[in-house]
Each structure stands twice: as C-alpha cells, then as structure tokens.
Amino acid sequence: MAIPVIDFSTLNGDKRGDTMALLHQACQKWGCFLIENHEIEGKLLEKVKKEINNYYEENLKESFYKSEIAKSLEKKQNTCDIDWESSFFIWHRPTSNIRKIPNLSEELCKTMDEYIEKLVELAEKLSELMSENLGLEKEYIKKAFSGSNGPALGTKVAKYPECPFPELVRGLREHTDAGGIILLLQDDKVPGLEFSKDGKWIEIPPSKNNAIFVNTGDQIEVLSNGLYKSVVHRVMPDKNGSRLSIASFYNPVGEAIISPAPKLLYPSNYCYGDYLELYGKTKFGEKGPRFESIKNKANGHY
C-alpha cells in the first residue's frame, strides 16, 4: 500500500476539491501522508540535513557507540526497553533554546531558524486545511493549541545509527505522538520508519525530492472527536546505514485546554420525544442538520 501524497501546488486550482478530499481521507484512514510542492526551498532543506549530519558526526557519534545502550546490545542483553537512537530536542516556540544547546554552530542555529520560520507557515496552513475539512472555522486548531503566545513548536533531531544487531532492538519503540501535527524531514536514502495500518506494518520509504512526511498526534484525534487518527508507528534500525530524522511538533502549549470540538459531537441528554417530533418534520432531509438542531435544543440554545 502506498501512503497518500498531497500535492500542495493543486490547492489553488480546479483540483482543490480532489486534493482536500484526499487530505481528509488520509487523516481519517491513515493518520499520515506526504506533502509535495510545499514551497520550502530544496536548497534550504538540504542545508538543514547537511548541518545536522555534520553535528552528529562531530559531537554525538563517538559517544553513542560508547554508551550503555551500545554496550547492552553488544552483550546481547535485554533490549526491550531501549531505543537505538541518538537524539536531542530543540524548542522554537513560544521561546527558543537553540543557542543554549552545547556545540551547535551559529550557522546551524541560523539555518534551523530559517527552516522553522517556513515550517511554521506550512504547519499553520495544514491546520487550516484540516479545520476546513472538519467543518470548523479556519483557525480552530490553531486557537485550540494557543496560549498567549500561540501554539508550541519543537524539533526532535535524531540519528538512528548503523546497528550491528538490528533484529534485537528498535530504533524507536512502538508509540503514538502526544501532540498535534508532526512534520518530518527525513533521510532520503536509509529506511526504517513504519506505520501500523489494518493490523500490518507499512514501511515508509525515504523521502525523495525533499517531500515532508506528516502524521497526526493524539491531540488532533481528540479535537476531531476521533474522526482523525493518531496512529502507532516505530523506527527499525538498519545494519548498513545511519538514518536521519528531523521531526518538528506543532503542538498545544502546556496550558491549552483540549476537548473535542463541540460541533463534531453527537447530541446527548435529549428527550427522545423531542427527537421524534423533529424527525417527523425532517424525515426526508439530511440527518446532520437534525442532529445539530436537537443538540442545540438539548443545550438550551432554543
């Protein structure tokens, strides 16, 4: 099965309806998709990957292979509760900590700042499209995620190093993501990412032409009242290659109060007699407006 591909270049033309329908289906059935033609320059994305790879080689690679994780695997000890990864986390919004992380060059900091500025625009555009597809106001998700300074954004930078015994360990164990919309700039050569669908593990191939891979987190599933899915995924290590993963999380701020969008909830606590009366008048109409009417009445909006 091939994961859905969303071509952003079609959103302003006569194919917009088809693209929106494909996005809606991807969020409902897959919980993940690829974005092509997202208008973030390939030159910038290549520079981000190059700078991160250089940082790993110079600062993290040697220490990783001397770590307790590597020693445990070498001894073939119990590895069910470890992840074969070397990672660190950067906060960008509401406040940035990038220049407090040891040994990050100013060039890398500037490159990441430029990338994140573009990525925030893409994340907000995605949140608007999802809100529209859910029948909500355009900025519903953004407002739900916001505190006084807007939604949060952070990036987990990870390398999944070459692994001598990939059959004994996960690169990253099975999980769903806690947050909102996850935008991944990943390796274009080394595979490893897998998503669960219909009881099977689907391999996500390395991203070509700097496509951005997106998946939806737990908070999108809650806000959509389960219409959109947060899907279990994992990373498998590779014996012959070291995989790069730059995952940025467009999330609610810590103080955000999250609940399903009221418009997406079924009516509740209503009198069945009231429903029958309304049904008698609207039997041959759509049930959606009928549900909305009875919900309003039950909530005292009549």
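**A walk through the sheet and its neighbours**

Hi everyone, let me start with residues 105-139: the end C-alpha atoms of this span lie 36 Å apart, and the span is 80% helix and 0% strand. Helices here are DSSP runs of H or I with at least four residues, strands are runs of E with at least two, and both are numbered from the N terminus. The UniProt record, an unreviewed entry, annotates residues 105-139 as "coiled-coil region". UniProt positions follow the numbering used here, feature names are shortened, and annotations may be inferred rather than shown by experiment.

Some housekeeping before we go on. This is a predicted model, where local features need pLDDT of at least 70 and side-chain atom pairs count only at pLDDT 80 or more, while totals for chains, interfaces and linings use all residues. Residues are numbered from 1 along each chain as its sequence is written, and side-chain values use heavy atoms, with hydrogens and water left out.

How many strands does it have, and in what order? There are seven, in an open sheet with mixed pairing, and the order is β1-β2-β9-β6-β11-β4-β3. Two strands count as paired if DSSP finds at least two bridges between them. At the edges sit β1 (5-7) and β3 (86-93), each pairing on one side only. From one strand to the next, the twist averages 25 degrees.

Helix α5 (residues 106-133) packs on this sheet and touches β2 (32-36), β3, β4 (152-160), β6, β9 (212-216) and β11. Contact here means heavy atoms within 4.5 Å. The direction of α5 makes about 135 degrees with that of β6; axes are lines fitted to C-alpha atoms, for helices over the stretch in contact, and angles run from 0 to 180 degrees between N-to-C directions.

Let's zoom in on β4. Are its residues mostly buried or exposed? Nine of its nine residues are buried, where buried means under 20% relative accessible area, exposed over 50%, and partly exposed in between, using a 1.4 Å probe and protein chains only. One side of β4 carries Ala152, Gly154, Lys156, Ala158 and Tyr160, the other Leu153, Thr155, Val157 and Lys159. β4 pairs antiparallel with β3 over seven bridges, and Phe88 stands opposite Val157 in β4. Nine bridges join β4 to β11, also antiparallel, with Lys156 opposite Ala247 in β11. Moving along, β11 (residues 243-251) is antiparallel to β6 (residues 181-186) over six bridges, and Leu185 has Ile246 as its bridge partner in β11.

Last stop, Lys143, in helix α6 (residues 140-145). Its side chain makes a polar contact with the side chain of Glu137 at 3.0 Å. That term means a pair of N or O atoms within 3.5 Å; within protein, one must be able to donate a hydrogen and the other to accept it, and residues adjacent in sequence count only if both atoms are side-chain atoms. Lys143 and Pro252 are 109 residues apart in sequence, yet 9.1 Å apart in space, C-alpha to C-alpha. Thanks, everyone!
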